[in-house]
Amino acid sequence: MAVVRSQVPLLTAVLSVASLAVVFAAAGGRIPPSAVPGAPSWVLEAIPHVNAAISLTAIGTIAAGWRAIRAGRIDRHRAAMVASFLLFVAFLGLYLYRLVALGGPASFPGPAAVERFVYLPVLAVHILLAVVCIPLLYYVLLLAATRPAAELPATRHAAVGRVAATLWLVSFALGVVVYTMLYHVY
């Protein structure tokens, strides 16, 4: 653990690059649909709805973690943030599975003007924040995993964590907006 503790920035970079490589490979169509097991169409159709529920739950757990740390409840904060990260992993796993299985992202079914001036900008900000969050999340999680809670105030955990949580909340919220536009408005 001492080796990991001293290498948090390097490990953060390696995990971030590996994670983003998988995400961009899936989004860019570099992973063939044959690379994932097949699923019935109802499963693929259910994933966006499950992911919206996961996103809403994650918004709640991130907010709970934030409230907990402000109240000095470190164990509750830790539990909420680990739950948030696990929800993010579940969301991303389901999203990437569907993306690869279907051979690409869902197309916007609404009017071209709404797509160009509302949907695509919201989607772009959502994606940008999600990408930026990945290294921040790895960093704060690795700091927390490799140090006792009493040592964390001497690190950048709190400062980076505030930025990560804020961006994470906005990204999840915008993801719900994207979902609503794709599956309920149009």
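Everything below comes from a predicted model, where local features need pLDDT of at least 70, side-chain atom pairs count only at pLDDT 80 or more, and totals for chains, interfaces and linings use all residues. Numbering starts from 1 along each chain as its sequence is written, and side-chain values use heavy atoms, with hydrogens and water left out.

**View A. H3 against H6.** H3 and H6 pack at an angle of about 155°, with their axes 9 Å apart; the axes are lines fitted to C-alpha atoms, for helices over the stretch in contact, and angles run from 0 to 180 degrees between N-to-C directions. H3 and H6 are therefore roughly antiparallel to each other. Their crossing is left-handed, a label used if the near helix is turned anticlockwise from the far one by less than a right angle, with right-handed used if clockwise. From H3, residues including Pro48, Ala52, Ile59 and Trp66 meet a set in H6 that includes Arg162, Trp168, Phe172 and Tyr183 (contact means heavy atoms within 4.5 Å). The contact of H3 with H6 divides into 16 nonpolar, four polar and one charged residue. Here Ala, Val, Leu, Ile, Met, Phe, Trp, Tyr, Cys and Pro count as nonpolar, Asp, Glu, Lys and Arg as charged, and the others, Gly among them, as polar. Helices (H or I, at least four residues) and strands (E, at least two) are DSSP runs, numbered from the N terminus.

**View B. H3 against H4.** Helix H3 spans residues 41-70 and packs on H4 at an angle of about 160°, with the axes 8 Å apart. H3 and H4 are therefore roughly antiparallel to each other. H3 passes H4 in a left-handed crossing. The residues of this contact split into 23 nonpolar, seven polar and two charged.

View C. Isoleucine 47 is buried, at 6% relative accessible area (buried means under 20%, exposed over 50%, partly exposed in between, with a 1.4 Å probe and protein chains only). Leaving aside residues up to four places away in sequence, isoleucine 47 touches Leu94, Tyr95, Tyr97 and Arg98. Alanine 124 is 77 residues from isoleucine 47 in sequence and 21 Å from it in space, C-alpha to C-alpha.

**View D. H5 against H6.** H5 and H6 pack at about 145°, and their axes are 7 Å apart. They cross in a left-handed way. The contact of H5 with H6 counts 27 nonpolar residues, five polar and no charged.

**View E. Aromatic pairs.** The structure holds 10 aromatic pairs; rings of Phe, Tyr and Trp (its six-membered ring) pair if their centres lie within 6.5 Å, with planes under 30 degrees apart counted as stacked, over 60 as edge-to-face and the rest as tilted. Phenylalanine 88 and phenylalanine 172 make an edge-to-face pair, 6.3 Å centre to centre with 85° between the planes. Phenylalanine 88 lies in H4 (residues 74-102) and phenylalanine 172 in H6 (residues 157-185), so this pair ties together parts that are 84 residues apart in sequence. Both phenylalanine 88 and phenylalanine 172 are buried. The rings of phenylalanine 108 and tyrosine 119 have centres 4.5 Å apart and planes at 25°, so that pair is stacked. Phenylalanine 108 and tyrosine 119 are both buried.

Technical notes
Angles under 35 degrees count as roughly parallel, over 145 as roughly antiparallel, 65 to 115 as roughly perpendicular and the rest as oblique.
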